[in-house]
Amino acid sequence: MGKPVLQIVVASTRPGRTGLPVARWFRERAAAHDAFEVELVDLAEVNLPFLDEPHHPRLRQYVNQHTKEWSATIERGDAFVFVTPEYNYGFNAVLKNAIDYLHHEWQYKPVGFVSYGGVSAGTRAVQMLKQVVTTLKMVPVSEAVSIPFVAQFLDEEGRLRPNDVMDGAADAMLAELARLAAALRHLRPAA
Ligand SMILES: Cc1cc2nc3c(=O)[nH]c(=O)nc-3n(C[C@H](O)[C@H](O)[C@H](O)COP(=O)(O)O)c2cc1C
């Protein structure tokens with residue numbers, strides 16, 4: 001059996017978004033951690049329209065090609081990290097839309113959060129996300145990377161320069177995701 005697949009989901013889609021350098025840093029950290037096969041899933045590239053399926057996603061009767069492709073992508077994941085901004089004290093609409101498209105594909109998989117923003121470090125967005133993901137039987141880990149005043153960690157080229165706290169938090173979260181991915185695998189229908 002190969003390594004479990006960790007999908008790092010970049011939630012923000014704005015031109016010049018901070019989410020991308022944050023996600024790229026986390027991808028490097030996850031690759032070095034070595035527990036996972038790591039994929040970057042950029043919602044700007046996935047480019048889903050607002051939910052346009054006629055049936056509830058739990059029926060899996062998808063009619064649109066973009067939904068079938070999105071389903072196949074998330075089905076492949078064994079664990080997720082949502083890299084989320086905080087917009088108006090919540091997580092962004094693009095991520096909510098992407099979550100709502102699917103149902104079984106998310107179930108019994110762990111999810112961790114890398115959040116960023118101003119003084120709150122995106123933690124209000126994460127609190128909101130936990131309510132949503134648990135409805136889908138995803139299992140959020142409490143270990144988290146919370147980046148306050150994120151702009152101070154970007155260099156002239158726009159790359160994220162983490163501090164030790166961020167690196168340590170990322171490693172703790174990756175370790176917990178690996179433990180839970182192994183345990184939860186047995187609860188999934190394909191197991
Ligand atoms: C629509 C909007 C709403 C925002 N609301 C918040 C907020 O509630 N809390 C916060 O800390 N930062 C807020 N910000 C600032 C963001 O943290 C900052 O712009 C960040 O870079 C956004 O992530 P992104 O660049 O990946 O889109 C907001 C930014 C935007 C564009």
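I begin with the core. The largest nonpolar core has 52 residues; by nonpolar core I mean a set of buried Ala, Val, Leu, Ile, Met, Phe, Trp, Tyr and Cys residues joined through C-beta atoms within 7 Å. A residue counts as buried if 20 or more other C-beta atoms lie within 10 Å of its own, as exposed if 12 or fewer do, and as partly exposed in between, with C-beta atoms placed from the backbone. The residues with the most contacts inside this core are Ile8, Val9, Val22, Phe26, Phe82 and Val83. Helix α6, residues 164-184, supplies the largest share of the core, nine residues.

Two notes on the model are in order. It is a predicted model, in which local features need pLDDT of at least 70 and side-chain atom pairs count only at pLDDT 80 or more, while totals for chains, interfaces and linings use all residues. Residues are numbered from 1 along each chain as its sequence is written.

Leaving aside neighbours within four places in sequence, Val9 is in contact with Val41, Leu43, Phe80, Val81, Phe82 and Val83; contact requires C-beta atoms, placed from the backbone, within 7 Å.

Now to the helices. Helices (H or I, at least four residues) and strands (E, at least two) are DSSP runs, numbered from the N terminus. Helix α6 has 21 residues and reaches 30 Å from its first C-alpha to its last, close to the 30 Å expected at 1.5 Å a residue; the expected span is 1.5 Å times one less than the number of residues. Among the buried residues of α6 are Met166, Met173, Leu174 and Leu177. Their cover includes β1 (5-10), α1 (19-33), β3 (79-84), β4 (110-116) and β5 (139-147).

Helix α5, residues 123-135, has 13 residues and reaches 19 Å, close to the 18 Å expected. Its buried residues are Ala125, Val126, Leu129 and Val133, and what covers them includes β3, β4 and β5. Just after α5, Lys137 takes a positive phi of about 60°.

Tyr87 and Thr18 are 69 residues apart in sequence and 13 Å apart in space, C-alpha to C-alpha.

Notes
Contact = placed C-beta atoms within 7 Å.
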